[in-house]
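Biologist: Could you take me through this structure and tell me what lies behind the labels you put on it?
Modeller: Gladly, here it is.

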Amino acid sequence: MLDAIVSRLNAQVPELSNRAKPVADLVEMIRSNRLPQNATATVSPAGLKGGKAEAGTGVFTQPLARAYSVLLIAPSQSKTGAKALEEVDPLITSVASALAGWAPEAGPGVFQVDRGRLLSITGAASSMSWSFPSTPN
């Protein structure tokens, strides 16, 4: 699933220029203690949420919605960080638009935007995280 989301972001968000990667690539960035020079997205699993359980004689079913997180790191030209969010807003919209309403495979369940939050803002970069759960299958 991570690879499908990464492929979708790379195909639908030209500003990323194929810099959407699975979470494993984030490890090297952290280890090297360097910020990317261009906008970068990292995709990781964000958990499960169980839907309403149904039980009958010898049968138990419960839909599961899997969530995935996109960590976006975007360099900023703002020396104080004051304009960083304004600069990155079109990229935020592109990432959300690429995943909201999309399903990586045929069948029930599409991704929706759950929440996003600012993690950090400096004069050099801003980082934001969004959660995209799928609707239960």
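Biologist: Thanks! Why is Ser-17 called partly exposed?
Modeller: Ser-17 has a relative accessible area of 45%. Buried means under 20%, exposed over 50%, and partly exposed in between, using a 1.4 Å probe and protein chains only, so Ser-17 counts as partly exposed. Do keep in mind that this is a predicted model, where local features need pLDDT of at least 70, side-chain atom pairs count only at pLDDT 80 or more, and totals for chains, interfaces and linings use all residues. Residues are numbered from 1 along each chain as its sequence is written, and side-chain values use heavy atoms, with hydrogens and water left out.

Biologist: What makes the phi of Ser-17 worth a remark?
Modeller: Its phi is positive, about 45°, although Ser-17 is not a glycine. Most residues other than glycine have a negative phi. Asn-18, also not a glycine, has a positive phi near 65°.

Biologist: How do you know that Glu-28 and Arg-31 form a salt bridge?
Modeller: The term asks for a side-chain nitrogen of Lys or Arg within 4 Å of a carboxyl oxygen of Asp or Glu. Here the N to O distance is 3.5 Å, so the pair qualifies.

Biologist: And what makes Arg-31 exposed?
Modeller: Its relative accessible area is 62%, so Arg-31 passes the cut-off for exposed. Glu-28, at 44%, is partly exposed.
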